[in-house]
Amino acid sequence: MGVQLPDLQFTSLEAIPERISTVRKSFLENRTRDVEFRLVQLRKLYWAIKDHEEEIVEALAQDLNKPRFEAEVAESSWLLNDIVFTTRNLHKWVKDEKAPDIELSYKLMNPKIRKDPLGCVLVIGTFNFPFQLTLGPVIGAIAAGNTVVIKPSENAPRSAAVMQKICEASLDPSCYSVVQGSVPETQALLAERWDKIFFTGGANVGRIIAKAAAPHLTPVVLELGGINPAIVTKNADPRLVARRMLWGKILNAGQVCTSQNYLLVDKAIVPRVVEEFKKAYAEFYPKGAKNSPDYSHIINEAHFQRLKSMLDSSKGKILLGGTMDEKELFIEPTVIQVDSIEDSLCTQETFGPFITILPVENLDEAINLANGVQSTPLGLYPFGNKAEVAKIIASTRSGGVSCNDAALHIPTLAFGGVGESGYGAYRGRSSFDVWVHRRPITSSPGWLESILSIRYPPYAGKLSTFKAASTLVPDFDRSGQKVTLGWLRFILTLGGGSAKAGASRAAVVAASE
Ligand SMILES: NC(=O)c1ccc[n+]([C@@H]2O[C@H](COP(=O)([O-])OP(=O)(O)OC[C@H]3O[C@@H](n4cnc5c(N)ncnc54)[C@H](O)[C@@H]3O)[C@@H](O)[C@H]2O)c1
Ligand SMILES: CC1=C(/C=C/C(C)=C/C=C/C(C)=C/C=C/C=C(C)/C=C/C=C(C)/C=C/C=C(\C)C=O)C(C)(C)CCC1
C-alpha cells in the first residue's frame, strides 16, 4: 500500500486569536530564551522530518508531481542539513559579541551586543518548495529564541498537511503552532500584532502583508519573485548556457523564484545556443518530459491557465517544446524566440517552464534592456568572459548573482531580494541574524564616576576638556582628498584624534589600570 497522507483542514477563524495568544504568552514567560530548549526543539524537528520523509516525498508528488530527487535534495535533506548546521553553530551564534569599532574611552563601559529574540513571529509559506521555504525560516526563528506561528500555503495542500503533522509530532505546542488556511485565515493572522512577519510569495500579496504590518510597526521580511534576466554575450559557451539555463527551467517545471525569466543573447550566437538547447533537452529527457518521472507539473488549474494564456498571447516563435496537457497540468519545457522586450514573456514573471530568448546587438543593449524591465530582480545570470561578467555586475542590481549558471543556491549563503524582489535575507548564519534584535548593552563601572561627572552641570569649563578627549580629527581635507601621513597621526594620537586628545585618552586608560 502507498503512503497515507493526512487531509488538510483549515483552522477555524475563531481558534486563531487563541492560538496566537498561547504562543505569545509562552514567549513572554521566557520559555524560548533557554538555548538548550531551542536545541531540543530543533533536534526533535530533525527526527520528525526524517521519520516522515516518505510522506514528504509523496505529498510533493501529489501536489506538484515533484520527482524524488528534487524532493529530497531541495526539501527534506535540505532542511535536515539546515537543522544540523544550525544546531552545530547555535552556541557560537548566541554568544554576546564585543561591540565593534568603539573608541578607547568608551571601551570602559564594556559595550557588547546581545542577540535577543524578537518575540512572537509569523511565517507565511509558499507552494513551490513548500517544505524548504516554510520550515527553512522557521528553523532560524526557533534557533533565535522566538515563538512561531506557521502558515503553510494552501496551494500545496498535501505538503501543508504533512508539515502540520511533522510540527505537531515534534515541537512544543505552547511555543510553535501551525495555522492552516487561505486568504481569510491569513487575514485573521495579519489582524494581530506580531514581532516580525516573514513572507514568501508574490509581490502583490507582499504589499498586503507590509500594509497589514505597518499599523503595528511590525518589521517584515519579503521574499518575493523576480523578473530575472540572463545575459549571454558572444563569448559565452553555448553548450553551458543551454544546459544550465534548461536546468533553471526544468527544476520544479520552472516554478522557482530565482529561475531566469528571459535570456538576452548576443545575436551572433543565438543559433548555436538554440541548437544546444535541443541537444540538452534530448539528453535530459530522451523520451520527452511528458514521459519522464523527472519533471514536475504545474501546481493547479489557475496557474496552468495563466501560463497557457501567456504563451498564447506572446508574439514569439516556439523553437522547442510547446505541448501541454491540461488534465495532467503538464507544460513541456518550451524555448520561444521573441523579437521585442515588450513581449509579456519578458516583462511578466512566468514562473513556469518557458525559456524566452531575445536576440540583442551587443552587451550594452542587453544591460539597458535588463535594467529597463526590472531594475532590482531577485537573480541575475551573466554568461561571458571575465571582463563582460564584471561589467554586467557593475552596471546592474539584483538580490543575487550566479555567474555562468542558473540560480545556484549554496545552502548556507545569505539569500534575499532587493527593491522590487523584496527585502531581508536568510539561510545559514543569516537565518539566525534575521530573527534577532542586536541589543547593545553597556555597563558603566562605579569607579568611573569621577571621570563621567564631566557630563553633569554646571558645565562651565568642561566643554573644552570633553572635546579634547573625544573629538575625532578628519583624515581628509576640504577638497575631499585623504591627507597623507594619516597613520602617523593615528599613532601619535592613540587612535585618530589630536595630540591633545590622544594624551587625554592615555590618561583615562592609565587611570583605569
Ligand atoms: N523569493 C523567494 O524566496 C520566493 C520563493 C518562492 C516563490 N516566490 C514568489 O512567489 C510567487 C508565487 O507564489 P504565490 O504568491 O502565488 O504563492 P502562494 O499562492 O503560495 O501564496 C503565498 C502565501 O500568501 C498567502 N496569501 C495569498 N493571497 C493572500 C492575501 N490576499 N492576503 C494574505 N495572504 C495571502 C497564501 O495563503 C500563501 O500562504 C512568485 O512570484 C514567486 O516568484 C518567491
Ligand atoms: C558529487 C561530488 C562532488 C561535488 C559535487 C557538487 C559540488 C555538486 C553540486 C551540485 C548541485 C549544485 C546540485 C544542486 C541541486 C539543486 C536542486 C535539486 C534544487 C534546489 C532548489 C532550490 C534551492 C530552490 C529554491 C527556490 C527558491 C528560493 C524560490 O523559489 C565532489 C567534487 C565534492 C567530490 C566528488 C563527488
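Okay, let's start on the outside. Leu-408, Ile-410 and Leu-413 make up a nonpolar patch on the surface, and together they have about 290 Å² of accessible area. If you want to find that spot, look for Leu-413 in the loop that runs between strand 16 (400–401) and strand 17 (422–423). Before I go on, please keep in mind that this is a predicted model.

Where does ligand 1 sit? Ligand 1 is in the largest pocket. There are 28 residues around ligand 1, and the ones that come nearest are Ser-153, Glu-154, Asn-155, Leu-224 and Glu-349. Two of those names come back when we look at polar atoms. Glu-349 has a polar side-chain atom 2.5 Å from an oxygen atom of ligand 1, and Asn-155 places a polar side-chain atom 2.6 Å from an oxygen atom of ligand 1.

The largest share is from helix 7, which gives three residues.

Arg-24 and Asp-195 meet through their side chains, at 3.4 Å from N to O. This pair links distant parts of the chain: Arg-24 is in helix 1 (residues 15–28), Asp-195 is in the loop between helix 7 and strand 6, and the two are 171 residues apart. In total, the structure holds 25 salt bridges.

On to ligand 2. Which residues are closest to ligand 2? Of the 15 that surround ligand 2, the closest are Trp-78, Asn-128, Cys-257, His-409 and Phe-415. Asn-128 has a polar side-chain atom 2.8 Å from an oxygen atom of ligand 2. With Cys-257, a polar backbone atom is 2.8 Å from an oxygen atom of ligand 2. Taken alone, ligand 2 exposes 910 Å², of which the protein buries 49%. As for the shell, helix 4 (68–94) and helix 5 (130–143) each supply at least two residues, and helix 4 gives the most, with three.

Last topic: a couple of backbone details. Most residues other than glycine have a negative phi, and most peptide bonds are trans. With that in mind, have a look at Asn-110, which has a positive phi of about 50 degrees although it is not a glycine. You'll find Asn-110 in the loop between strand 1 (97–98) and strand 2 (112–117). Then there's the bond joining Pro-457 and Pro-458, a cis peptide bond with omega about -5 degrees. Pro-458 belongs to the loop between helix 16 (449–452) and helix 17 (463–470).

Key. Residues numbered from 1 in each chain as written. Chains lettered and ligands numbered in written order. Predicted model: local features only at pLDDT ≥ 70, side-chain atom pairs only at ≥ 80, totals over all residues. Heavy atoms only, no water. Patch = residues over 30% accessible without salt bridge, like charges linked within 9 Å, V, L, I, M, F, W, Y side chains within 5 Å. Areas by Shrake-Rupley, 256 points an atom, 1.4 Å probe, with all protein chains shown as cover. Salt bridge = Lys/Arg side-chain N within 4 Å of Asp/Glu carboxyl O. Helix = DSSP H or I, 4+ residues; strand = E, 2+ residues; numbered from the N terminus. Near = heavy atom within 4 Å. Polar contact = N/O pair within 3.5 Å; in protein donor to acceptor, adjacent residues only side chain to side chain. 1 Å grid on protein atoms, 1.4 Å probe; cavity = no way out; pocket = protein on both sides within 12 Å on 5 of 7 lines; lining within 4 Å. Sits in = over half its atoms within 2 Å of the grid points.
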